Amino acid sequence: MIEREYDVVIVGSGAGGGTVAQELAPLVKDGVRVLLLEQGPRLGDDEFTGREVEMADALYEDGGGFLTADGTMTLAFGRVFGGSTVVYTGTSLVAPERVIRGWNVPDLAHTDVARRSAKFAEQNNVHLFTPDLINDNNRLFVEGCGKAGYRAEQFPLNVKGCKGSSLCNLGCPNAAKMGTHRIQLPGAQSQGVQMVTRAEVLKIGERSLSVVVRAKKEGEKGAESEWAPGEYHVRTKLIVVAGGAVGSPALLLRSGFGTRLPALGAGFTCHPAHILVAEHERPITNDVGHPKSYYVDRAAEEGYVLETCMYFPFTTAKNLTGFGPAHSALMRAFPRLQMILVLACDKAVPHNRVTVDLDGKAVVRYRFTPETVEAMVRATRASARIFFAAGALRVHAPSADPPLIERRDAARLDELIAARHFLAGKVSVSAAHLMGGCAMGGGGDATASVTDAWGRVHGLPWLRVADASLFPDSLKINPYLTIMALADRVAERIRSEARDLLGAGAGAA
Amino acid sequence: MLRALAEAFVPESAALDEGGWAEAEAIVERFLATRPAAVRRQLRLLIRLLDLLPLLRYGRRFRSLDATRRLRVLEAAQNAPMLLLRRGIWGLRTLAFMAYYERPEAAAEIGYRATARGWAARR
């Protein structure tokens, strides 16, 4: 066991960890030793090949196929330097006021979240694309929305020099996406924050961490770890956990904090999603250009959000219901396919939570509530209306049996698309916006929450959380800017407490 | 049996030559190598079960059925009341799609053309 000592250790390098690293970096010049540990590898720019399975293996936990305990939904989250900010599409939305108000976290105001989100939007070059960069897949969505009576809004995106590869979810091959691996982490590193990849935190103890650094396997992408492979015991004054909504609660649970923090792991939410596909008569530009330029937000009224999307052959094949000749025919229509991602907005319920198995591995227990299924059905019907309004010949709807709906049946969508056809285990459901598990709350009540509004774990002043696991309920939109805003608050509070937490001189600058 | 299943899920795979099959099988093997041993055991068990299941209805094993009957067996299984069986079919079809569509030749066949060059390659 190799011993190391730091003042602050950040676990995770995504939107939360990357932000905390950047915001604590100025402490380094006061002599504060800051370390960031990332479980995944650091990829070189030339390693983003756009090949689907190869990149998914390199960038995602379980290759993007992390299954919930009952096997009915896959969860996609990054396991790479930069976390999920390497694999998202860069959609940058500010949390809705109604959602932050609904969270009812004392000391957390929407104005504060919005102000901090704006700071990171500017830092990450968030802007709207000009019309010449919008492809047919997105244009048809806007056109269909207009005709079908839905309000399409344009996504602000955090890209610089986007070439329109459409490969965002496989990591941008042109280094155009401004994730933490491009902005916050290099900035923090240049100020002296030490970063170690391929470093998995096995357990957290009283102001210490057990870490295993793994060697790069033959054929694996990414650089070797900055530390020699082996087991490390890292002593520190402060630990900031930012391993995401699955990783953070799992780490704290396997570290034995579940007894003193009964709310740990509870309140896991996500946006269960279907990929919907429609076939047009003529080829459209779909696999070129940014894939996710527009959305329809019906979360408040109907419990769903629709987003444009375009996926790769295997992901598309996997997400269509069924197999055989009908499935193949749709795949062969690829150049004529329009796609919409439907996301249901679930709610925190007692049975959906993160736990760990006997080996300490994360297990996500998730069951679709009838309300979530109904929201997916409503979203699917709305998407089908938009597709047909945009001129589609036929629509593939997972919650229909058979799933293929012809234009002549467009008037019967309410009848054809129904919750009774949502057969868990048969229909493909995936989720990428994972939230909760270390919920913040007020009053230091460990039965209802894990941290206060500043990410301080109840009763453990040396332990903080700074990622989407803080969300006490669903955000109901794409979360990364909100994660950065909350992580910014966590870092700000650490800076203000630095003298007490880290010793004399810390934070003096 | 594996090829019989793959051909039922993706009929085009029947046209693969030995090189194509080798590439497809290597993709699945690489993926399965990273899965827990228990998952690999369950898959083997499921494949065996699916091979034997048609004996009850058709008096033949899955691998000996024609394409239409193979499809019927798999469709019945994916709509089965047992979640475990539905999940199993979902998993097998996912492997078949991965094996077939991860090959660059398949992407070209279906007209998928995304490249890092993006718009520059199209305009």
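**Exercise 1. Determine what share of chain A counts as buried, and whether its overall size agrees with that of a compact globule.**

Step 1. Of the 509 residues of chain A, 62% are buried; a residue is buried if 20 or more other C-beta atoms, placed from the backbone, lie within 10 Å of its own, exposed if 12 or fewer, and partly exposed in between. The model is predicted: local features need pLDDT of at least 70 and side-chain atom pairs count only at pLDDT 80 or more, while totals for chains, interfaces and linings use all residues. Residues are numbered from 1 along each chain as its sequence is written, and chains are lettered from A and ligands numbered from 1 in the order in which they are written.

Step 2. A compact globule of 509 residues would have a radius of gyration near 23 Å, and the 22 Å of chain A agrees with this. The radius is taken over C-alpha atoms, and the globule rule is 2.2 Å times the number of residues to the power 0.38.

Step 3. The C-alpha trace of chain A spans about 75 × 45 × 40 Å along its principal axes.

**Exercise 2. Describe the surroundings of A:Ala58.**

Step 1. Locate the residue: A:Ala58 belongs to helix H2 (residues 52–59) of chain A. Helices (H or I, at least four residues) and strands (E, at least two) are DSSP runs, numbered from the N terminus.

Step 2. Apply the burial count: A:Ala58 has 23 C-beta neighbours inside 10 Å and therefore counts as buried.

Step 3. List the contacts, leaving aside neighbours within four places in sequence: A:Leu43, A:Val80, A:Lys221 and A:Gly222. Two residues are in contact if their C-beta atoms, placed from the backbone, lie within 7 Å.

**Exercise 3. Give the strand order of the five-stranded sheet of chain A and identify its edges.**

Step 1. The order is S7-S3-S2-S11-S21, an open sheet with parallel pairing. Two strands pair if DSSP finds at least two bridges between them.

Step 2. Strands S7 (194–196) and S21 (463–465) of chain A each have a single partner strand, so one side of each lacks a neighbour in the sheet.

Step 3. Check one pair: S2 (residues 8–11) and S3 (residues 34–37) of chain A run parallel and are joined by four bridges. Within this pair, A:Val9 has A:Leu35 as its bridge partner in S3(A).

**Exercise 4. Characterise the side of chain B that touches chain A.**

Step 1. Count the residues: 35 of chain B are in contact with 32 of chain A.

Step 2. Find the main contributor: H6(B) gives the largest share of this side of chain B, nine residues.

Step 3. Sort by type: the side of chain B that touches chain A holds 21 nonpolar, six polar and eight charged residues. Ala, Val, Leu, Ile, Met, Phe, Trp, Tyr, Cys and Pro count as nonpolar, Asp, Glu, Lys and Arg as charged, and the others, Gly among them, as polar.

**Exercise 5. Decide where the buried residues of H1(B) fall around its axis.**

Step 1. The buried residues in H1(B) are B:Leu5, B:Ala6, B:Ala8 and B:Phe9.

Step 2. Seen down the axis, the buried residues of H1(B) fall within an arc of 160°, so they line one face of the helix. The arc is that of the directions from the helix axis to the C-beta atoms.

Step 3. The cover over the buried residues of H1(B) includes helix H3 (37–52), H5 and H6 of chain B.
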